[in-house]
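Dear colleague,

Here is the structure I promised to hand over, and my notes on it follow below. Please keep it open while you read.

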Amino acid sequence: MTKLLNILCSVLLILGFSAFAQVEGDIWARCGANGVIDGNTIIAKIPGAELKVRLADISAPAGNAYSTSTLRSLVAHQTLSIYIKKTPTGYIGKVYVRGLDVNREMVKRGAARYTPGSMPYEMDMEHAQDEAKRAQRGIWQKARPTYRW
């Protein structure tokens with residue numbers, strides 16, 4: 001039942017029917033990004049708070065300008081639909097802009113790698129990473145990237 005409720009809230013938020021919803025302690029919100037810290041972290045301005053949110057299941061190389069600018073281009077001046085989950089180390093989130101899965105798009109553009117674990121497994125994230133590697137996009141331009149993750 002909880003899974004069905006989460007799916008329903010996801011659909012409603014992507015379609016723009018709700019400004020803020022609380023589900024089982026996790027947060028679904030429509031908000032703006034008040035900043036991009038790096039290639040996998042944003043400042044989300046949700047009703048009543050600003051949260052530092054790390055994009056779930058992706059990892060961008062530390063200090064990589066391409067990753068940071070790609071994330072900024074995807075979220076700047078946009079209304080985000082975001083699922084935020086509190087963890088012992090902070091907040092992680094799944095971010096959408098007009099139905100586009102920003103986490104997946106970062107992987108597809110070669111601006112981050114897929115690191116499963118914090119959200120349910122997603123086969124399309126692996127496909128996006130394989131596609132970026134084959135096309136040698138972004139961080140995959142070298143055969144063996146030597147970035148600090």
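Ala111 is buried, with a relative accessible area of 0% (buried means under 20%, exposed over 50% and partly exposed in between, with a 1.4 Å probe and protein chains only). This residue sits in the loop between α3 (102-108) and β9 (113-114), where helices (H or I, at least four residues) and strands (E, at least two) are DSSP runs numbered from the N terminus. Leaving aside neighbours within four places in sequence, Ala111 is in contact (heavy atoms within 4.5 Å) with Ala60, Pro61, Tyr66, Ser67, Thr70 and Met106.

Please note that this is a predicted model, in which local features need pLDDT of at least 70 and side-chain atom pairs count only at pLDDT 80 or more, while totals for chains, interfaces and linings use all residues. Residues are numbered from 1 along each chain as its sequence is written, and side-chain values use heavy atoms, with hydrogens and water left out. The protein chain averages a pLDDT (the predictor's confidence in each residue, from 0 to 100) of 83.

There are four salt bridges, each being a side-chain nitrogen of Lys or Arg within 4 Å of a carboxyl oxygen of Asp or Glu. One of them joins Asp101 to Lys94, with the closest N and O atoms 2.9 Å apart, and both of these residues are buried. Another pairs Asp124 with Arg104 at 3.2 Å, N to O; because Asp124 lies in helix α4 (residues 123-134) and Arg104 in helix α3, the pair ties together parts that are 20 residues apart in sequence.

Best wishes
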